[in-house]
Amino acid sequence: HCKRWCVEKRYFRDDYLKYFVHSTTAKAPEVSRGYYVRVQSVRQAMRSFIKQHDRNCQIINIGAGFDTLFWNLTQEGLQPQAFVELDFPQVCQGPAVMATLR
């Protein structure tokens, strides 16, 4: 819900999050800024790593939850050779269903 709030407030762009998280709750600016820093840091690290290895690499996202990193990297043409997302089954069920519908 926090990431969706950040997207709605335009801290960062994420065209895919709306498919996974349908509601938001207001968050303090400090929380939003923390999410912004974390999302941008992870995205930049992944972009750099994938480019360094010319997409011949694999990413394992542990505790992926409703993360949309795979979709955003793919949109940017930076899909690695393999991308694995791990989380508890009840958490993964929602994103898996949405991914098959899109």
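Q: Which residue does R47 form a salt bridge with?

A: In general, side chains of opposite charge can pair when their charged atoms come close. Here R47 pairs with E76, and their closest N and O atoms are 2.8 Å apart. A salt bridge means a side-chain nitrogen of Lys or Arg within 4 Å of a carboxyl oxygen of Asp or Glu. R47 sits in helix 3 and E76 in the loop between helix 4 and strand 2 (82-86), so the pair ties together parts that are 29 residues apart in sequence. (Helices are DSSP runs of H or I, at least four residues, and strands are runs of E, at least two, numbered from the N terminus.)

Q: What should I know about the model itself?

A: This is a predicted model: local features need pLDDT of at least 70, side-chain atom pairs count only at pLDDT 80 or more, and totals for chains, interfaces and linings use all residues. Residues are numbered from 1 along each chain as its sequence is written, and side-chain values use heavy atoms, with hydrogens and water left out.

Q: Is R47 buried or exposed?

A: Buried means under 20% relative accessible area, exposed over 50%, and partly exposed in between (1.4 Å probe, protein chains only). R47 has 18%, so R47 is buried, while E76, at 37%, counts as partly exposed.

Q: How many salt bridges are there by this rule?

A: The count is five. One of them joins D14 and R43 (3.3 Å, N to O). D14 is in the loop between helix 1 and helix 2 (17-20) and R43 is in helix 3, so this pair also ties together parts 29 residues apart in sequence. Another joins K3 and D67 at 3.1 Å, N to O. K3 is in helix 1 and D67 in the loop between strand 1 and helix 4, 64 residues apart. Both K3 and D67 are buried.

Q: Which residues of helix 3 are buried?

A: An α-helix has 3.6 residues a turn, so residues three or four places apart point the same way. In helix 3 (residues 29-52), the buried ones are S32, V39, R43, M46, R47 and I50. Their cover includes helix 1 (2-8), strand 1 (58-62) and helix 4 (69-75).

Q: Which residues make up the largest nonpolar core?

A: A nonpolar core is a set of buried Ala, Val, Leu, Ile, Met, Phe, Trp, Tyr and Cys residues joined through side-chain atoms within 4.5 Å. The largest one has nine: M46, I50, C57, I59, L69, F70, L73, L78 and F83. Its largest share, three residues, comes from helix 4.

Key
The expected span of a helix is 1.5 Å times one less than its number of residues. Contact means heavy atoms within 4.5 Å.
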